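Here is a short briefing to read alongside the model.

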Amino acid sequence: MKGTEDSALDRSFSPLLMFGQKHPRPHGTNAEDDEATKRGDDETAKDPLFFYSISRRRSVCKIVDDLRDHLYWTTPGGWLLMAHPGSRLTFLWNPFTRQRIGLPPDTEKFLTRNPVRCAFSHEPTDPACVVLVVNRADTVLWYCRPGAGAAAEWSEHGYYQADAGGLGAHHGRDDLIHGMSLVTAAGGKFYASLLGATVLTLEFSPAGPAFTETPIAEQSCHPMYRAWSLHLLESRGELFSVSLYHPLMERCDKVAQIVVRRLNLPARAWVEVDAIGDRAFLVDAARFGASVGAEEAGLKGNCVYYLRRGEKGLYVYDQ
């Protein structure tokens, strides 16, 4: 498929790693060069993107006109959150079907002015879906419902309150920001983990967002490794964590051990699991994670596929 014309991506090549020819801007966005955009240079808009098919172990080079002049953010569900810098229009885009689902315009420019993470409660085609955008540098989030009409707007919510009963009464501001920067949806709700000791559950109702705090039992220790990085992902409606343990504090690009846990909220515990069966977990350096049917995706079951920071290699950990 090298050098193919603009067209929808072949589903048989999924799952894909996507690489832009331009250097990514801050906040996980990609866009055409500013000067080229101002002068209407069409050549940069036609630059191909490079994809790597994990299942077929081959690269794909494609021109993707849908990304032309847009900023985009990846999501755990495979859709891209898209924004046009000029019109401020935003939408969700499926790279395999090229389906677009309209979202309210970004009139406040919060997407381009802040480092953000995007997740959604259900598939974007589900009427119950809530699209959540979290500021990764402040205690602010924005949310909306897809397809709500032209009059719809993004709603903004500040979730740090230091008074009694507020999240700030029990947790530091920086800890909240770090935890929410990894927010992940499962079973129609959003979850964040605070230092492994508390799970925040975020739900949306007509009254707005509401947080629930659940203290979690201390996780089993791995004293050999002082540094670890956490990935959250949804699998079959349940929330899992994938912990990558690093041998040295100053070498967090190296991975010495991987531990998978499942959240048992009634028991208030992360339960270590020995196997994930016919599933394959994929986690990237940006802390996104996904669960796929291994056979359907052409991958090996009961494995964690992961990227190491600063490297182009794809690694496989057999549970």
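This is a predicted model: local features need pLDDT of at least 70, side-chain atom pairs count only at pLDDT 80 or more; totals for chains, interfaces and linings use all residues.

**The whole protein**

- The protein has five helices and 23 strands.
- Of its 319 residues, 46% are buried.
- Among contacts with a separation of 6 or more, 45% are between residues 24 or more positions apart.

- Strand E10 (residues 140–144) runs antiparallel to E11, and four bridges join the two.
- In this pairing, Val 140 stands opposite Gly 158 in E11.

**Aromatic pairs**

- How many aromatic pairs does a search of the whole structure find? The search gives eight.
- The ring centres of Phe 110 and Trp 142 lie 4.4 Å apart with the planes at 15 degrees, so this pair is stacked; the cut-off for stacking is an angle under 30 degrees.
- Phe 110 belongs to helix H3 (residues 110–113) and Trp 142 to strand E10, so the pair ties together parts that are 32 residues apart in sequence.
- Are these two residues buried or exposed? Phe 110 counts as buried at 4% relative accessibility, and Trp 142 counts as buried at 6%.
- Together with Trp 154, Phe 110 and Trp 142 form one aromatic cluster.

**Cysteines**

- The structure holds zero disulfides.
- For Cys 118, the closest cysteine sulfur is that of Cys 144, and at 8.4 Å it is too far away for a bond; a disulfide would need the sulfur atoms within 2.5 Å.
- Cys 118 is buried, with 2% relative accessibility.
- Cys 129 is in no disulfide either, and its nearest cysteine sulfur, again that of Cys 144, is 8.1 Å away.
- Cys 129 is also buried, at a relative accessible area of 1%.

**Helix H4 and what covers it**

- Which residues of helix H4 (residues 173–180) are buried? They are Leu 176, Ile 177, Gly 179 and Met 180.
- Looking down the axis of H4, you will find the buried residues within an arc of 165 degrees, so they line one face of the helix.
- The cover over these buried residues includes strand E9 (131–135) and E10, along with strand E13 (189–194), strand E14 (198–205) and strand E15 (208–215).

- On one side of the pairing story, E13 and E14 are antiparallel over five bridges, with Phe 190 opposite Leu 202 in E14.
- The hairpin of E13 and E14 has three residues between the strands, and there Leu 195 takes a positive phi near 55 degrees.
- E14 also pairs with E15 in the antiparallel sense, over eight bridges.
- The hairpin of E14 and E15 has two residues between the strands, and Ser 205 stands opposite Gly 208 in E15.

- Where is Ser 12 placed? Ser 12 sits in the segment before strand E1 (16–19).
- Ser 12 is partly exposed, with a relative accessible area of 33%.
- Leaving aside residues up to four places away in sequence, Ser 12 touches Ser 55 and Arg 56.
- Phe 96 is 84 residues from Ser 12 in sequence, while their C-alpha atoms are 9.8 Å apart in space.

Note on methods: Residues are numbered from 1 along each chain as its sequence is written. Side-chain values use heavy atoms; hydrogens and water are left out. Two strands pair if DSSP finds at least two bridges between them. Buried means under 20% relative accessible area, exposed over 50%, partly exposed in between (1.4 Å probe, protein chains only). Contact means heavy atoms within 4.5 Å. The arc is that of the directions from the helix axis to the C-beta atoms. Rings of Phe, Tyr and Trp (its six-membered ring) pair if their centres lie within 6.5 Å; planes under 30 degrees apart count as stacked, over 60 as edge-to-face and the rest as tilted.
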